[in-house]
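Subject: Structure handover

Hello,

Here is the structure we talked about. My notes on the interfaces and a few strands follow below it.

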Amino acid sequence: MLSRTIGRAVILLAVEAFFFILFAAFMKTDETGKVIAFLLFFIGVGVMFKKWERARLALTGLFKELKIVAGAGFVAMLLTLPFIFQSSPYLIHICVMAGIFAILALGLNFQLGSTNVVNFATAASYGIGAYASALLAVHFHISFWLGLVVGGSIASLFGLLLGIPCMKTKDYYLSLVTIAFGLIVYILLNNFSWTGGPNGIPNIPPPSLFGHSFKEPLSLFGYQLPFQSNYYYLIFLLVGGSLFVAHRLHHSRVGLTWNAIREDEVAARCHGIDVTWYKILAFCIDAFFGGVAGTVYSHYIGFISPENFAFIVSVVVVTMVILGGMDNVFGVIIGAILLTILPEKFRAFEDFRVLIYGVIVVTMLMFRPQGLFPQKMRIYKK
Amino acid sequence: MRSEGAENDSLGRRSGVAEIFQQLINALLLGCTYTLIAIGFNLFFGALNVVHFSHGDVCILGAFMTLILYGLAKLLGLVTFIPGFLFVPLLIIVAMILTGLIGTFFERVVIRPFRYAPLLMVLVATVALGMVVRETVRLSFPHGSNPQIFPRILPQTSFQLGGVLIRFDSLIIFGTTIFLISMMFLIIKRTRIGAAIRAVSQDTEAAAMMGINIDRTVAVTFLIGSALGAIAGILIGAYNNIIRFDMGLMGGVKGFSAAVVGGLGNVYGAIIGGLILGLVETFAAAFIPGGTPYTDVFAFLVVIFFLIFKPSGILGEKVYEKV
Amino acid sequence: MKMKFLYRKMVLFLFLAVSILLITSSGWAQSKVVKIGFIGPLTGPNAAQGVGARNAFDLAIREANASGKYPYKVEMLALDDASDPATGVAAALKLVSDPAVVAASGHWNSPVALATIHIFHTYKIPFIVWGAIHPDITGFYKYPGVNRVAPTLIQENGPLCDWVIGELGFKNFSIISDTSSYGEMNLKAFRPMAEGKGAKILSVDSVTVGTTDFRPILTKVKGLNPDAVYFGGVVMEGALIRDQMEKVGLKKLFFAISGIKDDKFLEVAGPSGEGVLTIKPGKPIDKLEGGTKFVKAYEGAGYREPFAAYGPNAYDSAGIILEAVSKTGPDDKGAMAKYIRGIKYNGLMGETSFDATGQTTNLIVSRFVGQGGKWITWEESEYAKGTRKLPK
């Protein structure tokens, strides 16, 4: 029944558009009071959604049935964001940062979520990727696109170097080593003169594509979008790509093996799984994602310093994964978005930020360790 | 940044042996500050197999407790009631009790729920708990982000021995460290609660079947460990004359490292581990050109080295994973 | 059944109504106000500096509004950079995204300033740096819209060298600096200056900010027997080093630039703070024209925190911006930047004008010595008079 399907698709898109407009309005609000009003409203909607069985089942069923329409609609709306925010480079900037952290969170998810390995060195791979690509760009004029690969690979290499000795040790030793490693990298970046020392590396050249420099405003369809939009579309593609990779890995043998290691390491070993190798693989992939995120960050801001890669950044990414949902790729992206946007909206509470992160982690682990969006159960078709 | 060698001509004289001895003493004292925290980690990890990453922060919390009590006592005019030489020990004892109780509270609320859960949970939870403690301390004190002055409760005098300057506060710190280690040894080996702790660590189920109250044993362990940790924090504060809210992070990491290097499960491991870290850092600062900003890096590299090649530490027993 | 149906309809209606309200409300607040941005560390370890500066900035704006003679209604928009470049960049973007913001002033930490000045330059918002003292901020980038009221490290270390080496005659130094941007630049500035004046550098050590145990380094320095120790860093580490110098028996002169000029230094150092030398840009507040008036006004305004070392800087920055806006109007940012660059402003810091790179030409410094637990101006101290002796 084509007309019926079209009708349902229209309803679906209308619902999506409605919430999208709400989201855009939320982003544009400034006063703390209105922000809280919005948040209460969203929470209220969420609660009602849970309670209202019929509506919930109807909506989720609709989404599942018309997956492609829903997805396409969602993507289309995201693509229009820079147009909606064109008067405010600040808002587009927040979206770009949310995207960068989404990539970091997706990377960490492989270790923390899929394999249950606690890695507090995310900031280190983030920083190594950023510094590597920045130094190459500034001194050797390596292009950004090549830098993405190189930055990711160098970070991954460090992941390998760190992973090999650590994987043989007990879990909490490993966490200690990752904390120590993160601190070491920070100190070294701060003290080596070739990394610019505490002043970091300035004047990192922006990427350019087909002659269009990312530092220039983007003209599309007759609109002049602030230059942050270039990065917005770039990060959109990168997050999409990372999501795709993460999703495919999760549903592959590798993902299954990681989960098996998480469930019972000894049993996994008995099955002939080389636990050490898979853990190292997770570490390297996590580091690669971190390096990619770091490369984007360094070329975007154009200036990096060791402060950007302190221990607290690792903690923030861990919080994002735990809040969003361990081993749920959509969940961690939501976690990243939430924890990038909300601190900006609540600038008045900047002083309490770290405390709130700690409280979030402890409460989530105590009451809802699966996160906001629990990992979907693996269904085995008979 | 570099540390450059001295132009040793007519101006400088290096008093060689005395200086080395002086640096050894510096190393020893620095090592003691790590050992004091490591004792607690040894107890929690080694004896009870309980992950408690926030122990460093609890130690520093003990020091902050003392600050609060000191300020309160001054405010309430108690200083006039209590004779001078009793004031400081009383302050310390009250701080110890309070910190011990807080430690037990943390165990009850944050650690016990995860007793039978995957290790990941309690690990991340205690790291986050440490963060919460640090931030709460920072937000509760005016200008909490900046170091707070710690009262000079130790004697500031010194004497010369050979060419070496020895201060009385250093002796007190060293002595207290040895005393605490011995206390720990006695508690674990000679008391009933110590026997209970050892039983629980060997085989929890069997211990329960023997009538040992697991919950109570763990709680008492946290009480003791946190109370002793308060002494650690207080001495660190007295040695440096300041305390900062985030000393617990570095202190915890280094204290845990010292415990691991020395060997978890052996009470004397904490001293060896602390000493090694203290020596590495002091000698890196004093004798390696350009080494001063990298002291932490050297210390951590040593720790990583041990974790790779001898994870049981110097004095620890080899641990076999039971299936 | 009917009730449930009605209930559902009501909820749906409420939902729609609230959503529409929220969506449209975000377009409401548009007022014709001139906003001036302020960025500084309002949280974190340097919060005392940032909050003090913000209060002084606020005072200047309040006074303008209250005078009744200022042509526009001015509002301060203060944002926190938390001493972190990433937060600073977000704050800067927030300021430039607000069409009501005409100019801004900011930063105590040099890495943060080095990250944000490009944003203010790109979006052509005039920006005055009140605290960050890295030379590159003006000297390297030379943005026409960026000016700085605070002297650079070089402008501070010069007079210090003249004083300690030239006048007081100390010749052999051990340098200890911290690994932050401030410490590193201090080292780079001081060393050639001192050697140029005939001094000898016996050793150079760098310490991480946050270190508390300096005994190993100081024991080593003691063995080298310098005349004095130069410190390139800030209050806490400086105070601890001074205190531990006494503890290891290194009883020599200790001197530094304005990074340590804070009452907290003397508090933490205790009795060892006696005889410590430092300098500070500008004149002591009570000796300035309008200084006592400022102090009174500040106390009267009821701010909870003191105006700290950079309050006068921020106050003058606000004054400069206010004058520029009143003369060129809030819309022509180019003219505003030109006006600021060419200004001769009389304020708390003395007479401020900017050179071709945007750096202040005001080089007055005051000398201080720690005496009896307080900072006393050198000229008035017992040391200058000879009744007390510096460590030799």
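Between chain A and chain B, about 3700 Å² is buried, and carbon and sulfur atoms give 84% of that area. Buried area here is the accessible area (1.4 Å probe) that two parts lose on being put together, summed over both. On the chain A side, A:Tyr172, A:Tyr173 and A:Leu176 lose the most area to chain B, together 19% of what that side buries.

Before the rest, the ground rules. This is a predicted model, where local features need pLDDT of at least 70, side-chain atom pairs count only at pLDDT 80 or more, and totals for chains, interfaces and linings use all residues. Residues are numbered from 1 along each chain as its sequence is written, chains are lettered from A and ligands numbered from 1 in the order in which they are written, and side-chain values use heavy atoms, with hydrogens and water left out.

**Chain A with chain B**

The contact (heavy atoms within 4.5 Å) involves 39 residues of chain A and 43 residues of chain B. There is 1 salt bridge between the two chains. The term stands for a side-chain nitrogen of Lys or Arg within 4 Å of a carboxyl oxygen of Asp or Glu. A:Asp351 and B:Arg138 form a salt bridge through their side chains, at 3.1 Å from N to O.

Which elements of chain A supply at least two residues each to the side that touches chain B? They are α8 (171-191), α13 (311-324) and α15 (353-367). Helices (H or I, at least four residues) and strands (E, at least two) are DSSP runs, numbered from the N terminus. α8(A) gives the most to that side, with 13 residues. By type, the side of chain A that touches chain B has 31 nonpolar, 5 polar and 3 charged residues.

**Chain C with chain A**

Chain C and chain A each put 40 residues into their contact. The area buried between them is about 3400 Å², with 65% from carbon and sulfur atoms. Salt bridges between chain C and chain A number 0. Polar contacts join 8 residue pairs across this interface, both residues at pLDDT 80 or more. On chain C, the elements that each supply at least two residues to the side touching chain A are α1 (2-25), β2 (74-80), α3 (85-97), α4 (110-122) and α7 (181-196). α1(C) has the largest share of that side, 10 residues. The side of chain C that touches chain A divides into 23 nonpolar, 12 polar and 5 charged residues.

**Strands in chain C**

Buried means under 20% relative accessible area, exposed over 50%, partly exposed in between (1.4 Å probe, protein chains only). Strands pair if DSSP finds at least two bridges between them.

Strand β7 (residues 200-207) of chain C has 7 of its 8 residues buried, so the rest of the structure largely encloses it. β6(C) (residues 172-178) runs parallel to β7(C), joined by 7 bridges. C:Ser177 has C:Ser206 of β7(C) as its bridge partner.

Strand β13 (residues 365-371) of chain C is also largely enclosed by the rest of the structure, because 6 of its 7 residues are buried. β10(C) (residues 277-281) is antiparallel to β13(C), with 5 bridges. C:Pro281 stands opposite C:Val365 in β13(C). β14(C) (residues 374-377) is antiparallel to β13(C) too, with 4 bridges. There, C:Phe368 stands opposite C:Thr377. The hairpin of β13(C) and β14(C) has 2 residues between the strands, and C:Gly372 in it takes a positive phi near 55°.

Best wishes

How values were computed
Polar contact = N/O pair within 3.5 Å; in protein donor to acceptor, adjacent residues only side chain to side chain. Nonpolar A, V, L, I, M, F, W, Y, C, P; charged D, E, K, R; others polar.
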